[in-house]
Amino acid sequence: MILKRYFRSSAIAYGKTLSPDPKLPKKTKKDTLSISQFFIDHKTTRVKGGNGGDGLVSFMHLKGNEFAGPDGGDGGNGGHVIFKIEPGLKSLNKIQSIYEAENGEEGRSFHMKGKSGQHLVIKVPVGTIFRSDNGHIIEELNEKKTMFVSARGGAGGKGNHYYLSNDNKRPTQFESGHKGEQFVYDLELKLIADAALIGYPNVGKSSLLNALTRARAKIGDYSFTTLHPHVGVVEYEDFKQISIADLPGILPDLTRGLGTKYLHHLEKCKILIFVIDLSLNPEQQFKDMTRVLDIFDSSLLQKKPKIVIGHKIDNQVSKDNFALLKEKIQLPIVPMSAQKKINLSKFLKILRHVYDKYGN
Ligand SMILES: Nc1nc2c(ncn2[C@@H]2O[C@H](COP(=O)(O)OP(=O)(O)OP(=O)(O)O)[C@@H](O)[C@H]2O)c(=O)[nH]1
Ligand SMILES: [Mg+2]
């Protein structure tokens, strides 16, 4: 049912298109510093606002009036820790594990307030989400909401002038500065990739990403080799770039594996690429993936263009399975092999065609 509901309506006529040719990656040593390795999409950080300075106990001495009254000023306020959007930034890899804003200084005599601590401003990319340690989203920064005061500095304490009263002409009380707030946040960056590879674990998503782009994602003959999303970029002859995200594998039971942890990245992707391992039961995989996405957020399937890769076509049983799968789903499927480099260019042309038609 699900297959028909979503895939008939959005069937993409790939046909023969005149999309610009893709440049398949020629890997060099330099590529070990690829975008995928340096793309960090989550970090944990402890933030602490500066403490407020203590109020001062001081008495004014004037000529002819030794006790001209208390003049101890208030302590300065502690600085806040503020996260601020920096438009060009693409990753969280410069985020440190601890940030502490400056403390306020002690009050001064002559009623002067102590110097307030500087706010600490940390730059983060558009799309950074802040979660508390129990996983709740506390803040999300984007083009509209560009700043988040993550830990407020403590207020400065009152100096002894504050305690002057008819009953107490020589107050020696002062208030200590208030402590700055302290929190631990999980920062997460929504992937801003044009397309995402979605599939069971071990179907060859990372192998495809590596074959199609300059990325060097880890590959392994076991499930959940990939634990965090990676991004690679395809470049076409007209210099257009399309970024592809390799997401960790998804299991049919969302309470297992990494569950829905990374599925929210799909909200920002323009194109969904289903990777189906043709050497296993492909129809079941496809049903499971569409069902899982449907449960997570049915609008993803409804709104976004989809491409299906029938992967590991080099495998013996794959050709028969490919024919069977083709009959079952309404979308054209691209048979591919990352290992044997089968249909890499063909796929990238289709990707470009879909991108030009639906992705802008
Ligand atoms: N036959 C065949 N095997 C492949 C091909 N591409 C990758 N594999 C193998 O499939 C296995 C899984 O590859 P990965 O690229 O790590 O798969 P993945 O989907 O990223 O796996 P997870 O990160 O665990 O979700 C490895 O043993 C690869 O060698 C292919 O084109 N043909
Ligand atoms: Mg992987």
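Trainee: Which residues is L351 in contact with, leaving aside its neighbours within four places in sequence?
Mentor: In this predicted model, L351 is in contact with A195, Y236, I242, I244, I271, I273 and I307, once neighbours within four places in sequence are left aside.

Trainee: And which members of the largest nonpolar core touch the most other members?
Mentor: L351 is one of them, together with L266, I273 and F347; the core has 56 residues.

Trainee: Which helix gives the most to this core?
Mentor: Helix α6, residues 344-358, contributes seven residues to the core, the most of any.

Trainee: What lies apart from it?
Mentor: Another core, of 18 residues, lies apart; V47, Y99, L141 and F148 are among them.

Trainee: Where is the kink in α4 centred?
Mentor: The kink is centred on D297 and is about 120°.

Trainee: Which residues of α4 are buried?
Mentor: The buried residues include P282, F286, M289, V292 and L293, as well as L300 and L301.

Trainee: Finally, what pLDDT does the chain average?
Mentor: The average is 86, and 86% of the residues score at least 70. Over residues 1-16, however, the pLDDT is below 50, and it stays under 50 over residues 29-38 as well. Where pLDDT is low, predicted coordinates should not be read in detail.

Definitions and conventions:
Residues numbered from 1 in each chain as written. Chains lettered and ligands numbered in written order. Predicted model: local features only at pLDDT ≥ 70, side-chain atom pairs only at ≥ 80, totals over all residues. Heavy atoms only, no water. Bend = angle between axes of the 7 residues up to and from the residue. Helix = DSSP H or I, 4+ residues; strand = E, 2+ residues; numbered from the N terminus. Buried < 20%, exposed > 50% of the residue type's maximum accessible area, 1.4 Å probe, protein only. pLDDT = per-residue confidence, 0-100. Contact = heavy atoms within 4.5 Å. Core = buried A, V, L, I, M, F, W, Y, C linked by side-chain atoms within 4.5 Å.
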